[in-house]
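Please look over the model shown here, with attention to its sheet, its helices and one of its pockets.

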Amino acid sequence: MASLPRTRLPTLINIVRHYERLHQSAASSKPPVPTTVHGGELICASLSKQFDISNAKRCGSQRPPSTSIVADCQYRSADAIVVLDEFPKSLFHFLVLPNDTSLLSLCDVKTPAHLQRLKAMRDIARRVAQSIQEGGRDWQAALAASTPTTSTLMQRAVEVAPPVLARLPYNFASSQLNGAASSPSSDTAFKVASCAMRSKFLIGFHSLPSLPLLHLHVISLDLMGACLSKKKHYNSFVTKFFLDVDAVIRDVETNGRVTINQDVSALELFENQPLACVWCGTRFEQCDALTRHLPSCPSNGAWYPPKK
């Protein structure tokens, strides 16, 4: 049985078509879509999304008020666009969407041109992850050197970060970073910079996608996103349900199509398996208990260790 999208909702297709119209409209009054990947903007956009969703939940809503999707587009090239995931499962969670809306899922990847599109999407995804790490490194270097900075991006990141940072492990404190003097604002800024700089990323596809249009996830390994609340959310990234982009590309190069997503019954078992910490293996009955455990798990490998 083919691993086709589970719904026909045109959400992602409409997003790509929206940006295509925006790109083609020379008279558009909307802000231009970025054509370069900027680490500071990615960090700030991600944390702002977490902040908005967390505030909405505290007010009894499941999601923040609807905003223009233009604000969620972080990059556009001839091959793909990069948008914030509307329901982030980690602190940094993006989707790379192909400009070719005929590619509804991995099952549509069948030609050499499709394979080249996959490789282009992978390269963009890697650039996103690297840019976040570099943005954090640049911010941390400026703070550690006591370099005056008036970065509005950093100021915004500091404003929206505290609810997220409260859950980070102890070793993200500024006292652990080059021995710099600490203050409430500098401590928060150091944590933001360090979290971004040290983040590890997964890049790949859900084997049984929810929405039509091929979409490549770029997601940090912390799994601390404001919308990770169900077993299926968690298992979709930490089990074989999640297909690494390089494994998919090798599959297409070998077989001419994607074959590693065809056993739907087996994939559904991965998605529904019992909850367990991906780092230490501890079992949990409820997702809330698991997500509280993850940031402080002694075996947590979501971040690169701080440099000595």
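The model is predicted.

## The sheet

Six strands make up an open sheet, with antiparallel pairing. Their order is β1-β2-β3-β5-β4-β6. The edges are β1 (73–76) and β6 (242–244), and each of these strands pairs on one side only. On average, neighbouring strands are turned by 30° against each other, direction ignored.

## Strand β4 and its partners

Strand β4 covers residues 201–206, and strand β5 covers residues 216–220. The two pair in the antiparallel sense over four bridges. I203 has V218 of β5 as its bridge partner.

How enclosed is β4 by the rest of the structure? Five of its six residues are buried, so β4 is largely enclosed. Buried here means under 20% relative accessible area.

Helix α7 lies across β3, β4, β5 and β6. Relative to β4, α7 runs at about 105°.

## V238 in α7

Helix α7 spans residues 231–238, and V238 belongs to it.

Leaving out residues up to four places away in sequence, V238 touches L223 and V278. L221 is 17 residues from V238 along the chain. The C-alpha atoms of V238 and L221 are separated by 9.2 Å.

## The two sides of α9

Helix α9 covers residues 264–271. Which of its residues are buried? They are V264, L267 and E271. These residues cover an arc of only 60° around the axis, so they sit on the same side of α9. An α-helix has 3.6 residues a turn, so residues three or four places apart point the same way.

The face turned away from the buried side carries the exposed residues S265 and L269. Helix α7 is included in what covers the buried residues of α9.

## The second largest pocket

The second largest pocket holds about 360 Å³ of space. It is lined by 15 residues. Closest to its centre are S54, R167, M224, G225 and A226.

Which elements give two or more residues to this lining? They are α2 (39–58), α5 (162–165) and α10 (287–293). Helix α2 gives the most, with four residues.

Conventions
Residues numbered from 1 in each chain as written. Predicted model: local features only at pLDDT ≥ 70, side-chain atom pairs only at ≥ 80, totals over all residues. Heavy atoms only, no water. Contact = heavy atoms within 4.5 Å. Buried < 20%, exposed > 50% of the residue type's maximum accessible area, 1.4 Å probe, protein only. Arc of directions from axis to C-beta. Pairing = 2+ DSSP bridges. Axes fitted to C-alpha atoms, helices over the stretch in contact; angles between N-to-C directions. 1 Å grid on protein atoms, 1.4 Å probe; cavity = no way out; pocket = protein on both sides within 12 Å on 5 of 7 lines; lining within 4 Å. Points joined across faces, edges and corners; volume = space filled by probe spheres on them.
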